[in-house]
Amino acid sequence: MKNAQPTIRRFSGNKRTVRIGPLRFTDVEHAGLQEAAAEHGYKGESGFAADVVLAFIAGRFTANLPLSEDRRRTHMFRAQVLRQLNRIGVNINQIARALNSDLTPPDIRERLHELHHLLELIAQALRQPADQREDLAA
């Protein structure tokens with residue numbers, strides 16, 4: 001029986017037993033993966049994919065991934081701001097409920113409505129991509 005290990009990596013005796021996935025690919029992506037694996041001497045695409053991931057982790061090569069460090073930080077910042085805006089919205093709703101009694105002066109209701117409108121505008125702006133061209137390219 002032939003050895004199932006790829007021809008470019010020697011079997012070290014440590015069998016890979018932890019499974020990550022399942023990974024999903026489109027038909028075109030899968031065909032490209034199979035082609036790249038074959039070009040690099042692999043008998044199957046799973047070992048090739050695992051070695052590529054491990055090489056990336058070890059820093060032997062880099063790639064411009066969709067959530068690179070700058071984009072990840074931007075994403076985290078937006079998530080934190082949206083969380084805080086939600087908390088502010090909850091407080092505004094509590095205030096609005098308290099102010100909706102018959103004893104509320106009309107100018108306070110108008111200011112509360114303006115504040116709510118401003119918070120909606122901020123939330124909409126934060127949900128939009130930072131750079132439309134960058135997101136279209138990804």
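Of the 138 residues of the protein, 12% count as buried, where buried means under 20% relative accessible area, exposed means over 50%, and partly exposed lies in between (1.4 Å probe, protein chains only). This is a predicted model, in which local features need pLDDT of at least 70 and side-chain atom pairs count only at pLDDT 80 or more, while totals for chains, interfaces and linings use all residues. Residues are numbered from 1 along each chain as its sequence is written, and side-chain values use heavy atoms, with hydrogens and water left out.

**Fold**
- The protein has five helices and zero strands, in the order α-α-α-α-α along the sequence.
- Helices (H or I, at least four residues) and strands (E, at least two) are DSSP runs, numbered from the N terminus.

**Core**
- Leu85, Ile92, Ala96, Leu112, Leu119, Ala123 and Leu126 make up the largest nonpolar core.
- Helix H3 (69–99) and helix H4 (106–127) each supply at least two residues of this core, and H4 gives the largest share, four residues.
- A nonpolar core is a set of buried Ala, Val, Leu, Ile, Met, Phe, Trp, Tyr and Cys residues joined through side-chain atoms within 4.5 Å.

**Surface**
- The accessible surface of the protein is about 12000 Å², and 56% of this belongs to carbon and sulfur atoms.
- Accessible areas come from the Shrake-Rupley method with a 1.4 Å probe; for residues, only the protein chains shown count as cover.
- Phe56 is found in helix H2 (residues 45–58).
- Phe56 counts as partly exposed because its relative accessibility is 33%.
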